[in-house]
Amino acid sequence: MSVFWFRLHPAPPQRNVVLLDVSRAAEGFRPVLLSLVEGLAEELPEPVQPEIAFLGGTARYPLQTFLQRSEELFSHNAGRGRVLAPTLEALPSPWPVRVVLFAAHPVFDLGDWLQNPWQNHFAVVALDPTIPIAGADQDKSLNDLDMPALARLVNPQPRETRLLVAGGLPVSWPTSGWRCEPGRAVYPGPLAAPVRLGWCVPSEREPLKSVVETIWENGLRTRQKPTRTDAPALGEWQPLTGPELTRLDAWRMRRAVPCPNCQHDHPPGQVFCANGESGLLPSLAGCVSGGFVRVRIKTFQASMFPVREQVVVHSETTATGRNADGQPIQWEYDSTRQCWVAGRVLSLFDRIHAEEYLLTLPPVPPSAGGPS
Amino acid sequence: MVPEDCVLDRTGFPYVPLPGIRTAIAILPITKAQVELWLAEPHGPGDEWYAEMLTHNPRLGWRETRTGPDTELFLSGLLPQEAENFAHWLGAGYRLPNLAEWRAADRALSQTSPKWAVQLADYLAGHGGHPAAIGVLQRLARTRSASSQSLFFLQDGFLEWVTKPGNAPGGFGRPSEKRTGGMILDPQAFDPVVSIRGGRNPLFSARLAYSLPT
C-alpha cells in the first residue's frame with residue numbers, strides 16, 4: 001500500500017473560437033457580426049477572449065487584432081462557402097472547449113460535426129431566427145441571447161472537477177465542498193486555487209492509473225494527467241501524561257472513566273465534556289474536530305498521533321474513514337472486485353493493532369461554555 | 001504500384017503514376033470532401049452551385065457514422081467544364097484524362113488488390129494525406145472489398161468524364177446495370193458514353209489526371 005499525493009490546479013483560461021459566416025447569403029449580417037465581436041470584447045477579459053475565424057477559412061485571429069483589421073479581413077474572406085471542415089480541421093488538438101458558429105444559412109457539413117467527439121464543443125447561433133441552421137431544437141437564437149449570455153456561451157466554466165484514481169481510496173482532501181468515495185474525488189465547480197489530495201492505492205493496482213476530469217457547463221469532459229506532488233510533512237508521536245494513560249487503559253477495558261472536569265463518567269471514546277472541554281485527555285486540545293487520533297498504549301506509557309488526513313490507512317487492505325452519518329467505518333480493499341468496500345462501523349475508540357487504538361473525534365465539539 | 005509513388009493534390013488526395021506515360025491518375029472520382037475545400041475559398045464555386053449539385057446526389061459526410069450509399073461520398077452530376085474548373089483550382093497540370101489515360105488507369109487500378117487500398121491509406125496517414133482521403137479509402141476497403149475495380153469505383157460507380165480529341169467529352173465507367181437501365185458498359189472495348197439529353201446527370205462524375213512534370 002502506498003499513499004500518493006496529487007496537486008490539482010485551476011483550469012487555465014480557455015481561448016475558445018468564434019466562427020463567422022461570411023458567405024454571400026450572410027453579407028447583410030456583417031454589421032451584426034461585428035457588433036457581436038465588439039460586445040464579446042467588452043464582456044470578456046483579455047485572457048478568455050475568443051479567437052475569431054471565418055467559416056471556411058483556416059486562419060484564426062486574436063479578437064483585438066480582428067477588431068483592428070475587421071474591414072480588411074471581412075473583405076478578404078467574403079464569399080467563403082458554408083463548410084466547416086477546413087476551419088475545424090485547422091484547430092489545434094485538443095480542441096478548444098468551445099467553438100461557437102454564427103451562421104445565417106445552413107452549413108453543408110454541419111452534420112459531420114454534430115456527433116461525437118465534437119458535439120459538446122459546438123454551439124450554433126442562428127443569425128436569422130427564421131432560418132434554422134443545426135435544427136430548431138439545437139440552434140441558439142440571437143433573439144434569446146443578451147451579451148452576458150453570449151459571453152457565457154463562448155466561455156463556459158468548469159461545472160465539476162474530478163480526480164479519478166483506479167483502485168484508490170481518497171485519504172486527504174480540502175475540507176470544503178469535496179465529495180470523496182473510493183476511486184473518485186469530486187469538486188462541484190471550478191477550482192479557485194491549487195489543492196492537494198492524497199490517495200492510498202494497494203500495490204496490486206500499481207502502476208497508478210489516474211486522471212483529472214473537468215466537466216464543463218457545455219457538457220464537455222476534458223481529461224489531463226494529474227500532477228504528482230510530495231507528501232506533506234509527517235506529524236510526530238506525542239507522549240500522553242500518566243493520568244491520561246490510566247484513563248485510556250480503562251477505556252481499553254471497555255470501562256467508563258470519571259472526568260475530573262465535569263465529574264461525569266465518559267464512556268470509551270467520549271473525549272469532550274458537554275461544555276466542549278477535554279478534561280479527560282487535555283493533551284488532545286488543539287486536535288482537529290472530526291479528525292482521528294492514533295493512540296498507542298503500552299504498559300507504562302501512552303502516546304498519540306493526530307492524523308491530518310480524513311482517512312487513516314492501517315494496512316495494505318484496510319483503512320478507516322467516515323460514512324455519510326459521520327460514523328467511523330472500516331474500508332477494506334476487495335482484491336477480487338478490485339475496489340474498496342465499506343466494512344463495519346467502528347466504535348469511537350477502537351482497536352486497530354495489538355497496541356494501537358483509533359480515537360474518532362466528533363465533527364463539531366460541544367460548544368464551550370455550555371451546560372456540563 | 002507502391003503507395004510511395006503517389007502524388008498528392010492540394011486537397012491531400014492521392015494520384016498514382018500510370019505505367020509508361022507522364023500522367024498520374026486520381027485513385028478515386030472527385031469527392032465531396034475535396035469540392036468542399038474549393039467551396040470554402042473566397043472565390044470558390046458558390047453555395048448555390050453546391051446546393052444544386054446536392055439535389056442530384058445527396059451528401060454523405062465521410063465522418064458520419066450513419067450508413068448511406070458510398071456514391072454519396074462523391075460529387076456527381078457535374079458538367080465537364082465544372083470538373084475542369086475544379087482541376088484548374090487544384091493547380092497547373094490537373095485536368096480531365098483523355099480516353100487512353102482513363103483506360104490505362106482502369107487497367108492499372110484493376111490489377112491492385114483491395115489490401116493495397118488499406119496500405120495506401122496507412123501511407124497517406126503518415127505522409128500528408130487528407131483525413132478525408134484516408135477515411136474514404138478505409139471505408140471503401142470495408143464496404144467494397146470484393147474487387148479493386150469496385151473499391152476504386154471503376155465498377156458500380158459513375159460514368160467519368162474523359163476527353164477525346166475532336167469530340168465532346170464522354171463518360172467511361174461501369175455503373176451498375178440498375179443505374180444504366182440495364183446497359184452493360186465495357187470502357188476497354190467501347191467508346192465513351194455521351195449524354196444525349198445534355199445538362200446534369202447524376203450518373204456522371206470525374207476522375208482527374210495530373211500531367212507529371214518532365
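Predicted model: local features only at pLDDT ≥ 70, side-chain atom pairs only at ≥ 80, totals over all residues.
Residues are numbered from 1 along each chain as its sequence is written, chains are lettered from A in the order in which they are written, and side-chain values use heavy atoms, with hydrogens and water left out.

**Domains 1 and 3 of chain A**

Chain A is assigned domain 1 (2-8 + 158-228), domain 2 (17-154) and domain 3 (238-360), with bounds that come from an automatic or database domain assignment. The centres of domain 1 and domain 3 of chain A, taken over C-alpha atoms, lie 28 Å apart. In domain 1 of chain A, A:Leu169, A:Val171 and A:Glu204 lose the most area to domain 3 of chain A, together 35% of what that side buries. Strand 1 (2-8) and strand 9 (169-172) of chain A each supply at least two residues of the domain 1 side, and strand 9 of chain A gives the largest share, four residues; strands are DSSP runs (E, at least two residues) and helices are runs of H or I of at least four residues, numbered from the N terminus.

**Chain B and chain A**

On the chain B side, B:Pro42, B:Asp47 and B:Arg63 supply 40% of the area that chain B buries against chain A, more than any other three residues. B:Arg63 also forms a salt bridge with A:Glu89, the closest N and O atoms being 3.0 Å apart. Helix 1 (32-39) and helix 2 (47-56) of chain B each supply at least two residues of this side, and the largest share, five residues, comes from helix 2 of chain B.

**Interface values**

| Interface | Buried area | Salt bridges |
|---|---|---|
| Domain 1 and domain 3 of chain A | about 1200 Å² | zero salt bridges |
| Chain B and chain A | about 1600 Å² | three salt bridges |

Buried area is the accessible area (1.4 Å probe) that two parts lose on being put together, summed over both, and a salt bridge is a side-chain nitrogen of Lys or Arg within 4 Å of a carboxyl oxygen of Asp or Glu. Carbon and sulfur atoms carry 59% of the buried area between domain 1 and domain 3 of chain A, and 51% of that between chain B and chain A.
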